[in-house]
Amino acid sequence: MRFSLPLAATLALSAVQASPVVKRDGPVTTPKGVNDGVILNYALTLEYLERKFYQDALANFTRNDFVKAGFEDPFYDNLKEIYFDEQTHVQFLSDALTAAKITPTVELKYTFPVTTVMQFVTLSSVLEGVGVSAYLGAAAKIVNKDYLTAAGSILTVEARHTAYIRASLGKSPFPNPFDTPQGFNEVFSLAATYITGGTSPVKLPFMAFPSLTLQCSQYYY
């Protein structure tokens, strides 16, 4: 069985999210040129992606579609709340960058491997979990205390999104006593698999990992 890169990345990072954190081999690595402005634009890049992900789902699936798939009310209304949160995060980060006289990145074009409600909710669980890990990994690199507090407040909201989506899928909303911080390149690599076009005025100093194709047997272990 052959998996496309987006699905392969999703499966790999999903496994990371399910693993307990007891000990890390070392701190999250920081590419050269990373400062608070870069980190805010990194966060904005992820928030644009999440906002578009929920925007597309709300446009492509109806309340009845979710109910038929087993996600009864108020799940659809709560998705609207999650979309509102992501929109608010986008606006906040963009305004913060503008106020600091730093050019903010813009929304790009995205394609998500989603054709059913279940695929959407499953990918939502992964993207929200990766969002938590992204903010957690970046937190130690933020110098400005106000930015750090703001990032922390966004992180906790993303964590609640993750817990809700996981519970809706019948999974534990809090599977581990610790969350896993992810490095900039790791997270950027996942985001890059869904970015299919557009041009940003901001060049982030991160490098997406090379495209890979995973070969798996028909059996799941």
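Rings of Phe, Tyr and Trp (its six-membered ring) are paired if their centres lie within 6.5 Å, and the planes of a pair count as stacked under 30 degrees apart, as edge-to-face over 60 and as tilted for the rest. The model is predicted, so that local features need pLDDT of at least 70 and side-chain atom pairs count only at pLDDT 80 or more, while totals for chains, interfaces and linings use all residues. Residues are numbered from 1 along each chain as its sequence is written, and side-chain values use heavy atoms, with hydrogens and water left out.

**Exercise 1. Classify the ring pairs Tyr 42–Phe 184 and Phe 71–Phe 75.**

Step 1. The structure holds 16 aromatic pairs, and one of them joins Tyr 42 and Phe 184, at 4.9 Å centre to centre with 65° between the planes, which is edge-to-face. This pair links distant parts of the chain, 142 residues apart, with Tyr 42 in helix α2 (residues 36-60) and Phe 184 in helix α7 (residues 184-192); helices here are DSSP runs (H or I, at least four residues), numbered from the N terminus. Tyr 42 and Phe 184 are both buried, a term for under 20% relative accessible area with a 1.4 Å probe, protein chains only.

Step 2. The planes of Phe 71 and Phe 75 lie at 35° and their ring centres 4.9 Å apart, so this pair is tilted. Phe 71 counts as buried because its relative accessibility is 4%, and Phe 75 is buried at 2%.

Step 3. Phe 71 and Phe 75 also belong to a cluster linked by ring pairs, whose members include Phe 53, Tyr 110 and Tyr 194.

**Exercise 2. Describe how α2 packs against α7 and against helix α6 (residues 145-168).**

Step 1. The axes of α2 and α7, as lines fitted to C-alpha atoms over the stretch in contact, with angles from 0 to 180 degrees between N-to-C directions, are 11 Å apart at an angle of about 30°. These helices are therefore roughly parallel, the term for angles under 35 degrees. Ile 39, Tyr 42, Leu 46 and Leu 49 of α2 make the contact with Phe 184, Val 187 and Ala 191 of α7, where contact means heavy atoms within 4.5 Å.

Step 2. For α2 and α6, the axes come within 12 Å and cross at roughly 25°, and these two helices are therefore also roughly parallel to each other. Asp 36, Leu 40, Glu 47 and Glu 50 in α2 meet Tyr 147, Ile 154 and Glu 158 in α6.

Note on methods. Buried < 20%, exposed > 50% of the residue type's maximum accessible area, 1.4 Å probe, protein only. Parallel < 35°, antiparallel > 145°, perpendicular 65-115°, else oblique.
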